[in-house]
Amino acid sequence: LVLKHRNAWPFCEPVDHVALGIPDYPDIVKHPMDMGTVRDKLQQDKYKDPKEWAEDVRLTFNNAMLYNPATDRVHKLAQEMKATFEEEVGLEGIRIKAKELKRSQKNLVKAAEGAPQIPT
């Protein structure tokens with residue numbers, strides 16, 4: 001969802017502060033995050049719950065706003081993307097993801113027991 005947004009391009013990969021010539025980036029942004037890493041963590045089942053996933057998405061945009069001045073295009077795109085994320089996902093999305101996670105966990109248990117799975 002977020003990676004496919006037209007304004008997601010600055011957030012798809014980790015910030016390469018050397019290539020970008022911004023050596024102070026690691027001094028300012030203590031916990032880097034990007035949407036590519038979020039996607040990878042999601043695919044590898046590294047999130048214990050949807051809230052943790054949402055926190056990483058927010059961290060991605062918060063980092064961009066922390067490092068880039070308010071007048072910078074990346075800062076403005078981060079504000080827009082974060083607002084879009086909150087509108088489309090926010091708390092309701094977390095509730096939906098939590099239900100999906102519970103359903104998946106039930107399916108794993110049922111599959112292990114040989115029972116039919118619950119549709120997701």
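Biologist: Is Arg39 buried, partly exposed or exposed, and what is its relative accessibility?

Modeller: The model is a predicted one. Arg39 has a relative accessibility of 38% and therefore counts as partly exposed, since that class lies between the limits of 20% and 50%. The partner of Arg39 is Asp40, and the closest N and O atoms of this salt bridge are 3.3 Å apart. Asp40 falls in the partly exposed class as well, with a relative accessibility of 30%.

A salt bridge here requires a side-chain nitrogen of Lys or Arg within 4 Å of a carboxyl oxygen of Asp or Glu.

Lys48 is exposed, at 64% relative accessibility, whereas Glu52 is partly exposed, at 21%. The value for Glu52 is not under 20%, so the residue does not count as buried.

A further salt bridge is formed by Glu86 and Arg58, with 2.4 Å between the closest N and O atoms. This pair links distant parts of the chain: Glu86 belongs to helix 4 (residues 73-88) and Arg58 to helix 3 (residues 50-67), the two residues being 28 residues apart. For Glu86 the relative accessibility is 29%, which places this residue in the partly exposed class.

Notes: Residues numbered from 1 in each chain as written. Predicted model: local features only at pLDDT ≥ 70, side-chain atom pairs only at ≥ 80, totals over all residues. Heavy atoms only, no water. Buried < 20%, exposed > 50% of the residue type's maximum accessible area, 1.4 Å probe, protein only. Helix = DSSP H or I, 4+ residues; strand = E, 2+ residues; numbered from the N terminus.
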